[in-house]
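Thanks for coming, everyone. Let me take you through a structure that is new to this group. Have a look at it first.

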Amino acid sequence: MTDGPDLKPETLTAHGGRTPDALRGDVAPPLRPSTNYARDENYQQIGGQGGYARDESPSYPEVEALLARLEGGEGAMVFASGMAAATAVWLSLAPGDHVVLPKVIYWGLRDWLLKFADNWNLSVELFDQEDPGALARAVRPGKTRLVWIETPCNPTWDVIDIAAAAEAAHRAGALLAVDSTVATPVLTRPIEHGADLVFHSGTKYLNGHGDVMAGVLVTARRDDFWDRLRDKRHRAGGVLGAFEAWLLQRGLRTLYLRVGRASESALAIARHFEGHPKLAAVLYPGLDSHPGHGVAKRQMSGGFGGMLSLRLRGGAEAALSVAKGVRLFVRATSLGGVESLIEHRASIEGPDSPVPPDLLRLSIGIEDAGDLIADLEQALASG
Ligand SMILES: *Cc1c(COP(=O)(O)O)cnc(C)c1O
């Protein structure tokens, strides 16, 4: 039923990637918290599954198959968090490998990779994501093993051309991994543009309700590198709990509705506030004025995402005053939930942050767009 090859992703996600169990008929997936599974008298594993949940949890196959299908990949793996998934990738590199990534990406990931690289003896090169030729100049043939990009990238929403990045990476003999947390498979499928690996913090849009930490990797091919990643999850133990896998599967059922709504509202908000006298810039890839709009139109379909940033003419003080003045937006970190959030990233990232101090990051939820606009208007007026 829900495994028909022609079914649209909206249909597959609505069913949570499953058909009701033929024996018991559960419409919602059953929750299976057991960590170990018994053998029969002939010492065969009952039910044909793995014996131990760190090895092969029965909570994963449906949600992993769904994620692989949505991304157009050959396999997917869920992890305990986005960072656990990223760490599995770093652990699969060999000491001495060269890794290339943009200067502006999710800061926790950049920070951790740079520290990890010291211990693991990786050489990491950061490129300027605003310069379209910089990635190709940073890769070194035969030496670069991994190019890691994020698009649109947090929190300036610069857009990186995935197809061009894939070409540059592959020419050098490297793999391309794309952090697609912000775009989600609803808006961008990096494997269709040549990526080898897709990464998600499932904590964000995939779950969408701010109540699960999860990470996801999707592979274009089942190859040696994928086997190594699977081995890292199993041995390093960054496995997702049964309840979290269950909640992730549940959240995914409304992914298309949530991302569609958030994208529509974010575009309406960006258009409304562009040119506002108190704002120096509205950063959103859906605006014609955005430098990445042309590439975004090519590699994103159905919208430009629910994330945007505002830069205040009055600098950090004005930004903090708007954050103080909002009544509906929640002042909190993270993104991709059903309620709208506002965050002053420079305060969070500290003095080494490349994020301008006048910037406020907005994660648009599924509320009425007019209510969100009115809230920002009153906060800007009183600031
Ligand atoms: C949150 C986030 C991560 C890290 O994922 P966790 O689930 O917090 O471990 C990585 N990349 C992006 C773009 C994120 O937003």
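This is a predicted model: local features need pLDDT of at least 70, side-chain atom pairs count only at pLDDT 80 or more; totals for chains, interfaces and linings use all residues.

**The sheet and the ligand**

Now pick out one pair. Strand β5 covers residues 175–179, and strand β6 covers residues 197–201. They pair in the parallel sense, over three bridges. Ala 177 stands opposite Leu 197 in β6.

On to the ligand. Which residues come nearest? Of the 16 residues around the ligand, these are Met 83, Asp 179, Ser 201, Thr 203 and Lys 204. By class, the shell has seven nonpolar, six polar and three charged residues.

Let's go through some atom pairs. An oxygen atom of the ligand is 3.0 Å from a polar backbone atom of Gly 82. A ligand nitrogen atom is 2.7 Å from an N or O atom in the Asp 179 side chain. For Lys 204, an N or O atom of the side chain is 2.7 Å from an oxygen atom of the ligand.

How much of the ligand does the protein bury? Taken alone, the ligand exposes 380 Å², and the protein buries 95% of that. Two elements give two or more residues to the shell: α4 (82–91) and β6.

Key: Residues are numbered from 1 along each chain as its sequence is written. Side-chain values use heavy atoms; hydrogens and water are left out. Two strands pair if DSSP finds at least two bridges between them. Helices (H or I, at least four residues) and strands (E, at least two) are DSSP runs, numbered from the N terminus. A residue is near a molecule or strand if one of its heavy atoms lies within 4 Å of it. A polar contact is a pair of N or O atoms within 3.5 Å; within protein, one must be able to donate a hydrogen and the other to accept it, and residues adjacent in sequence count only if both atoms are side-chain atoms. Accessible areas come from the Shrake-Rupley method with a 1.4 Å probe; for residues, only the protein chains shown count as cover. Ala, Val, Leu, Ile, Met, Phe, Trp, Tyr, Cys and Pro count as nonpolar, Asp, Glu, Lys and Arg as charged, and the others, Gly among them, as polar.
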